[in-house]
Amino acid sequence: MSTRFSTTTRATPTGLVLALVGELDSSTAPKAQEAIRQLTLRTGDQLIVDLSGLEFCDSSGIAALIAARSLAGRAGATIALAAVPRHLGKVLGLLGLADLFATLPTAEHAQEPATEH
């Protein structure tokens, strides 16, 4: 399996977007974990984990997503997964983890403050 993987982080009006691109497996999860540790979240922020470029995710990658959720929770922030690949959505469902994360069709759906209707 290839170890092609990268992360990028960008600020939005509502918090941060962490994009995970490539193959998130046991050899690349430490890079994801380090990117997560580098995030600075504040109370009320929303962390969006953009998975639109994720090609593969094993249990090490799922552990990294759970670490991101824990970080957000400790900071008083929320977390959502954007553009969850079908294969990952199935695995999260099978493991009983789908309810741990809000999901969005794309990262752009969360970049504007919510408005009440």
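The model is a predicted one. Its largest nonpolar core has 30 residues, of which Leu20 and Leu47 touch the most other members. In soluble globular proteins, nonpolar side chains tend to be buried together.

**Nonpolar cores**
- Another core, of five residues, lies apart from the largest one; among its members are Val17, Ala80, Ala82 and Ala107.
- Leaving aside residues up to four places away in sequence, Leu47 touches Leu16, Leu18, Leu39, Leu41, Ala68, Thr78, Ile79 and Ala80.

**Helix H1**
- Ala29, Ala32, Ala35 and Ile36 are the residues named as buried in H1.
- Viewed down the helix axis, the buried residues of H1 fall within an arc of 120°, so they line one face of the helix.
- Pro30 and Arg37, on the other side of H1, are exposed.
- The cover over the buried residues of H1 includes strand E1 (5-12), E2 and H2.

**Helix H2**
- The 17 residues of H2 should span 24 Å at 1.5 Å a residue, which agrees with the 24 Å between its end C-alpha atoms.
- Buried in H2 are Gly61, Ile62, Ala64, Leu65, Ala68, Leu71, Ala72 and Ala75, and the buried residues of this helix pack against E2, H1, E3, E4, E5 and H3.
- At the N-terminal end, Asp58 caps H2, with a side-chain oxygen 2.9 Å from the backbone nitrogen of Ser60.
- Gly76 follows H2 and has a positive phi, near 80°.

Definitions and conventions: Residues numbered from 1 in each chain as written. Predicted model: local features only at pLDDT ≥ 70, side-chain atom pairs only at ≥ 80, totals over all residues. Heavy atoms only, no water. Core = buried A, V, L, I, M, F, W, Y, C linked by side-chain atoms within 4.5 Å. Buried < 20%, exposed > 50% of the residue type's maximum accessible area, 1.4 Å probe, protein only. Contact = heavy atoms within 4.5 Å. Helix = DSSP H or I, 4+ residues; strand = E, 2+ residues; numbered from the N terminus. Arc of directions from axis to C-beta. Expected span 1.5 Å × (residues − 1). Polar contact = N/O pair within 3.5 Å; in protein donor to acceptor, adjacent residues only side chain to side chain.
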